[in-house]
Amino acid sequence: MEKTSYYMSSMMLFNVFYIVRVLSLLDFSISINNYGVNEIMTLVNIGVASVCLIWGIIYTIIILTHNFNPQPGEGGKEYSITEKKNITSSEFLGKFSLLVLTGLTIGSIAIWWGLILYILFYVAIGIIFIRYNMLYVNIIMTLLGYDIYLCECMTNNKSETIYFVVNNIDIESNQKLTSTYTNKKIIRLKGNKNG
């Protein structure tokens, strides 16, 4: 459930683009009493995308308020970084252009087919996103100042590849980070660059 919710958070902008595009197809001069099948399907499309958008908003709030840094008295797991690469811009630009173009294109297709394509696209991208643990690719997190690092780490004398999604932390090689969010390939940390 967590991976699905994280995916919904990542797709918030896509849903906004899709809703705006479908709204542009709605004729507001028609009274509700005269709504036909096309107008009702338009509202169904907007409703489906709105449910996904609200799910994403709620989970994004949970992401931003939950802290995986250890509190005093908590042990956590230590990660010793041997190599690091900041992949924030490459992940953001590719995903952003995909969302903009797809959301605007699908929203301009005939209402019946548009809903089917929307659902197929949403499910297909979701399967890829979840199967390959692409939880770190979250445009909203990037816009809110989080950086994404792909790191090779030593933990418990084993080498691991970990994605760190960090806010106000400069990650350097040979640095040690501690998190209570253990046994995950994607770890989110908050910090204070001055402290």
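## Strand pairing

Two strands pair if DSSP finds at least two bridges between them. Helices (H or I, at least four residues) and strands (E, at least two) are DSSP runs, numbered from the N terminus. In this predicted model, local features need pLDDT of at least 70, side-chain atom pairs count only at pLDDT 80 or more, and totals for chains, interfaces and linings use all residues. Residues are numbered from 1 along each chain as its sequence is written, and side-chain values use heavy atoms, with hydrogens and water left out.

Strand S1 (residues 77–86) pairs with strand S2 (residues 147–155). The sense is antiparallel, over six bridges. Lys85 has Leu150 of S2 as its bridge partner. S2 also runs antiparallel to strand S3 (residues 158–167), through nine bridges. Here Asp147 stands opposite Val166 in S3. Two residues lie between the strands of the S2 and S3 hairpin, where Asn156 takes a positive phi near 55°.

## Overall layout

The chain has six helices and five strands. Their order along the sequence is α-α-α-β-α-α-α-β-β-β-β. Of its 195 residues, 43% count as buried. Buried means under 20% relative accessible area, exposed over 50%, and partly exposed in between (1.4 Å probe, protein chains only).

Contact means heavy atoms within 4.5 Å. Among contacts between residues at least 6 apart in sequence, 74% join residues at least 24 apart.

## Nonpolar cores

A nonpolar core is a set of buried Ala, Val, Leu, Ile, Met, Phe, Trp, Tyr and Cys residues joined through side-chain atoms within 4.5 Å. The largest holds 21 residues. Tyr7, Met11, Phe14, Tyr118 and Tyr122 touch the most other members. Helices H1 (2–10), H2 (12–23), H3 (37–65), H5 (111–131) and H6 (139–143) each give two or more residues to this core. H2 gives the most, with six.

Leaving aside neighbours within four places in sequence, Tyr7 is in contact with Tyr122, Ile125, Gly126 and Phe129. Another core lies apart from the largest one. It has 13 residues, among them Ile81, Tyr149, Ile169 and Ile171.

## Cysteines

A disulfide is a pair of cysteine sulfur atoms within 2.5 Å. The count by this rule is zero. For Cys153, the closest cysteine sulfur is in Cys151, 5.1 Å away, and therefore too far for a bond. Cys153 is buried, at 0% relative accessible area. Cys52 also counts as buried, at 10% relative accessibility.
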